[in-house]
Amino acid sequence: MSILLILLASAVRQATPLLLAALGGLYSERSGVINIALEGLMLAGAFTAASVTHYSGSPWLGLAAGIAAGVLVALVHGVACIRFKADQVVSGTAINILFLGVPALLSGALFQSTGATPQVPQEQLLPIAPIVLAFLLVPVTWYVLNRTPFGLRLRAVGENPEAADTAGVNVARVRLAAVLLSGALAAIGGAYLSIGQSSLFARNMTAGRGFIALAALIFGKWRPVQTMLACLLFGFAEALAIQMEGVSQVPVQFIQIVPYVLTIIVLAGFIGHSRAPRALGVPYQEKR
Amino acid sequence: MLELREITKRFAGVPANDRVNLTVAPGTIHALVGENGAGKSTAMRIAYGFYGADSGEILVEGRVHRFTSPHDAIRLGIGMVHQHFMLVEPMTVAENIVLGLEPGSPFALDLKSAEARIRALSDELGLAIDPTRRIEDLSVGQQQRVELLKALYREARLLILDEPTAVLSPQATAELFTILRRMRAQGKTIVIVTHKLSEVLDISDEVTVMRDGRVVGHRRTAETNAAELAHLMVGRDVLLRVVKPAAQPKAPVLGVRGLAVTFKGGEKRLDGVSFEVRAGEIVGIAGIEGNGQTELVEALAGLTEGGAVSGTIELDGRSVAGLSVRQRRALGISHVPEDRHRRGLLLDFDLQENAILGADDRPPVAVGPGRFWLRRDEIRRKTEKILAAFDVRPPDPERPARALSGGNQQKLILGRELDLQPKLLLVAQPTRGVDIGGIEFIHRRLVELRDAGCALLLVSSELEEVTALADRLLVMRRGRIVAEVDPETTSMEEIGLLMTGGSAAA
């Protein structure tokens with residue numbers, strides 16, 4: 001019994017950064033902007049949060065700085081994709097590659113290290129708050145999407161921006177708001193990794209979680225509750241792999257690949273189909 | 001209600017509207033007609049604030065207004081229903097209607113009150129629209145009514161409808177006109193942009209004709225007729241009736257027996273269809289859209305998607321049922337598809353590339369081992385020949401197909417298909433979205449083709465078109481052929497009854 005409880009608790013912890021990033025991605029993608037940059041946004045948040053916490057001694061200040069960094073990077077992605085109609089996948093990929101390098105560069109300058117920040121003392125780590133926040137955001141996101149004017153416009157802009165435009169909705173503004181929101185949420189996910197789950201930023205510490213979050217988002221059909229379930233599934237597999245390390249006969253890698261194989265099966269259309277927002281990835285050119 | 005004064009608008013120096021004057025009286029239905037490219041849509045987009053005019057004035061209820069965006073027009077009570085609906089498919093009717101004008105607070109959308117208002121508006125006009133349904137579950141006609149509701153919800157008193165019947169079946173068109181008359185009775189003013197003269201005469205009180213960016217005439221509908229309007233639109237006399245000698249049918253070319261197309265779950269969209277088409281005759285298929293005509297043409301062309309085809313299809317006595325599209329084309333079956341954007345053309349490719357589609361593996365275009373090489377000079381020659389023979393304008397082989405008007409796109413497709421010298425031509429909706437001058441041209445070519453000994457199977461949802469062109473007329477309903485009639489001697493009403501299965505034609 002207790003082993004199961006430990007496993008579940010671990011699954012929730014593992015799922016938290018995925019869920020934050022995936023919900024961030026949800027806002028962006030439901031508005032029609034592909035956010036493959038989640039990985040880079042998480043890294044930006046994680047590194048900034050750890051650095052600022054190290055200097056200030058306050059994880060809250062660190063978190064705030066991390067969010068600011070995420071929003072700033074998201075702004076770059078947003079301006080490139082919305083204002084200048086850049087290819088969204090290319091812009092996102094560029095950000096991902098950039099933030100593999102930027103923390104290494106800055107940590108060299110700031111801490112004379114090759115990509116890690118100094119350890120943050122135990123008492124300066126984020127408490128349980130990000131976990132609570134992540135799961136609280138699931139119903140909140142559902143409500144925002146389905147019960148507020150902003151959510152209605154967001155969905156409209158992601159499906160048929162021309163229709164939204166003729167109805168008087170400012171397509172660019174709604175999309176930019178959504179992309180900035182995704183930067184903030186992904187950065188919180190990153191900060192949770194560096195000053196919540198562990199106590200420092202290590203080079204490439206997200207280890208692909210941004211992409212896994214994206215997979216969870218697609219698996220969850222771009223809907224909040226389903227996306228949460230997908231994140232929990234991925235988190236559970238991760239937790240299981242950690243628990244079974246050294247214990248099981250089966251190589252842990254096999255357990256770790258289960259969720260991904262599942263994702264591929266889902267995406268290949270075997271278990272219901274997943275329909276993306278219709279205007280996803282298509283820059284909108286205003287008339288006139 | 002609305003007045004345009006001396007409106008001029010140029011796109012890249014080319015005038016789309018040249019000193020356009022238009023006066024729409026309140027409480028009337030005003031038709032704005034003209035060929036494609038005559039400038040009627042431009043004029044209406046200016047009236048809706050979508051474009052700014054280079055010069056001229058817009059007056060609403062006698063006062064001059066400056067429009068910088070559609071918002072200004074909406075505020076003054078002008079609504080527009082675009083030809084391509086501006087609806088978000090996975091969202092509900094109510095969500096679509098309130099979009100951009102949401103009731104409630106920023107933190108709580110009040111859809112309930114909106115739904116009640118929409119229901120009231122819908123009931124008032126008898127639209128029968130349920131605001132909680134999703135757009136994607138509605139028919140095209142219903143979606144159009146949602147667009148009307150969208151304008152009415154924004155308290156429009158003047159409604160501009162851009163080519164509202166282009167996407168509608170004859171039944172849905174009749175229903176739309178009933179609704180428009182009710183709206184007029186409520187005191188609304190309606191501008192309807194169209195190029196179909198029968199509709200103008202049917203629905204409008206007044207009509208303004210445009211040609212080449214200018215207003216060339218204004219009439220009270222009761223005091224004009226189709227011939228006069230056509231003359232104004234085209235600038236010359238137009239033959240509105242098809243003139244053809246009696247058919248001289250020869251040997252059967254196409255033989256179809258027991259043809260059925262079955263979809264998943266045993267749904268038969270085509271069932272037990274048998275008929276033949278002889279060389280030198282046009283066999284018409286009449287029917288309300290969605291009664292198996294599309295499936296029939298696709299089965300004959302080898303294009304059936306997702307369904308199982310059974311039965312016999314013979315060309316010159318030889319079975320072609322199992323053959324691929326390319327094999328069928330090689331045997332002499334050409335096809336002018338109903339949806340030219342989806343199946344007829346590659347819109348972003350130039351006219352040369354479009355002109356050799358389906359002939360791209362034949363000499364003289366393709367040469368060498370395996371027909372590996374394409375000869376650019378031959379492609380160009382062939383394209384220029386088709387463009388000249390079918391009067392495609394502008395005859396620029398390097399333009400993308402997208403840049404042509406609907407009528408010219410259709411002429412290009414027809415030219416390409418006839419260039420293959422088919423034994424059998426399958427032609428669906430040949431004049432959909434084509435203007436009057438183009439219709440006359442296409443009809444004449446189809447009759448010439450018949451007289452040259454080709455067998456033609458013609459499907460059209462325009463009853464007037466099939467009855468005028470066909471030598472024999474088959475009526476389809478629910479995937480079956482329910483009757484064969486002589487189009488010369490059978491009245492429209494009788495055919496309409498056969499199409500609807502005896503109930504009064506809607």
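Buried means under 20% relative accessible area, exposed over 50% and partly exposed in between, using a 1.4 Å probe and protein chains only. By that rule, Phe47(A) and Phe201(A) are both buried. This is a predicted model: local features need pLDDT of at least 70, side-chain atom pairs count only at pLDDT 80 or more, and totals for chains, interfaces and linings use all residues. Residues are numbered from 1 along each chain as its sequence is written, chains are lettered from A and ligands numbered from 1 in the order written, and side-chain values use heavy atoms, without hydrogens or water.

**Aromatic pairs**

- Rings of Phe, Tyr and Trp (its six-membered ring) pair if their centres lie within 6.5 Å; planes under 30 degrees apart are stacked, over 60 edge-to-face, and the rest tilted.
- The whole structure holds seven aromatic pairs over all chains.
- Phe47(A) and Phe201(A) are edge-to-face, because their ring centres are 5.3 Å apart and their planes stand at 80°.
- Phe47(A) sits in helix H2 (residues 38-56) of chain A and Phe201(A) in the loop between helix H8 (171-197) and helix H9 (209-219) of chain A, so the pair ties together parts 154 residues apart in sequence.
- Helices (H or I, at least four residues) and strands (E, at least two) are DSSP runs, numbered from the N terminus.
- Phe219(A) and Phe234(A) form a tilted pair, 6.2 Å centre to centre with 45° between the planes.
- Phe219(A) lies in helix H9 of chain A and Phe234(A) in helix H10 of chain A, 15 residues apart.
- Phe234(A) is buried, with a relative accessible area of 3%.
- In chain B, Phe11(B), Phe50(B) and Tyr51(B) form one aromatic cluster.

**Around Ser334(B)**

- Ser334(B) belongs to strand E18 (residues 333-336) of chain B.
- Ser334(B) has a relative accessible area of 2%, so this residue is buried.
- Beyond its neighbours within four places in sequence, Ser334(B) is in contact (heavy atoms within 4.5 Å) with residues including Glu417(B), Leu420(B) and Pro422(B).
- A polar atom of the Ser334(B) side chain lies 3.1 Å from the backbone oxygen of Glu417(B).
- Leu456(B) is 122 residues from Ser334(B) along the chain, with 9.7 Å between their C-alpha atoms.

Definitions and conventions: A polar contact is a pair of N or O atoms within 3.5 Å; within protein, one must be able to donate a hydrogen and the other to accept it, and residues adjacent in sequence count only if both atoms are side-chain atoms.
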